[in-house]
Amino acid sequence: MSLAPSRSLFFLAFMAGALTLGASFYLEFGASLRPCFLCQLQRILLAAFALINLLGALHNPRNWAAYVYGLASMACAALGAITAVRQVLLQNVAPDQVGDCWPSLHYMIENLSFWQALQLTLKGTVDCAELNWTLFDLSLPEWSLLFFVGMLILGILQFSRLLLSRHFRPTSH
C-alpha cells in the first residue's frame, strides 16, 4: 500500500485550513462574534498555514522543497497551537488576573513597536478570556487548539514519511 503523495497531503491541509478560516469569518460576520487579539493572531497563522499548503500543492515539490514547505507549515501550526494554548489558559484563570482592555491591534501597532504590541497581545486581555461560544462543550480556542495540533500531527507524519522514504530508498548498482 502506497502512501498519499505530498501534493495530496498539502492540498488536504490547505482545504482544512481554508474551511477553518471560512468558519472563523462566518463566526465573526455571520454570528457577530468579535475576535480578540489572540483570535486575530491565530487567524493570521491559519491564513499563513493555508497559503503555504496551497503553494505546496500547486508546486508539487520534490526533495528539499517538500521539506521547506513541510517545516513552514508545521511552524505555523505550532505557533497557532501555542497561541491557542495561551488563550485556553486565559479562559481558565480568575478574571482579575487577566489584562485590561485595549483599543485595537491596529492602534497598538501604530503607537508601539511591533514587539511591544506582540508582547501585550500574548499577555491577553479581558476579551481573550471571555467564553462566548461553545460547540460540544469546547470553546473556540479549544477548537483552534485541536485544529492546529491535528495539522501539526499531519505535518509530522508527512515529514517523517519523506525522511523514511529517502532513507530506505533501494539503491541500484
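**View 1. Arginine 43 over the ring of phenylalanine 25.** In this predicted model, arginine 43 sits over the face of phenylalanine 25. The distance to the ring centre is 4.4 Å.

**View 2. The aromatic pair of phenylalanine 10 and tyrosine 69.** Five aromatic pairs occur in the structure. One of them joins phenylalanine 10 and tyrosine 69. Their geometry is edge-to-face. Phenylalanine 10 belongs to helix α1, residues 6-30. Tyrosine 69 belongs to helix α3, residues 64-91. The pair therefore ties together parts that lie 59 residues apart in sequence. Both partners can be checked for burial. Phenylalanine 10 is buried, at 1% relative accessible area. Tyrosine 69 has a relative accessibility of 19%. The cut-off for buried is under 20%, so tyrosine 69 also counts as buried.

**View 3. The aromatic pair of phenylalanine 147 and phenylalanine 148.** These two residues form an edge-to-face pair. Centre to centre, phenylalanine 147 and phenylalanine 148 are 5.6 Å apart. The angle between their planes is 70 degrees. Phenylalanine 147 is buried, with 13% relative accessible area. Phenylalanine 148 is buried too, at 2% relative accessibility.

**View 4. The cluster of Phe49, Phe147 and Phe148.** Ring pairs link Phe49, Phe147 and Phe148.

Conventions. Residues are numbered from 1 along each chain as its sequence is written. This is a predicted model: local features need pLDDT of at least 70, side-chain atom pairs count only at pLDDT 80 or more; totals for chains, interfaces and linings use all residues. Side-chain values use heavy atoms; hydrogens and water are left out. Rings of Phe, Tyr and Trp (its six-membered ring) pair if their centres lie within 6.5 Å; planes under 30 degrees apart count as stacked, over 60 as edge-to-face and the rest as tilted. Helices (H or I, at least four residues) and strands (E, at least two) are DSSP runs, numbered from the N terminus. Buried means under 20% relative accessible area, exposed over 50%, partly exposed in between (1.4 Å probe, protein chains only). A charge sits over a ring if NZ of Lys or CZ of Arg is within 6 Å of the ring centre and within 35 degrees of the ring normal.
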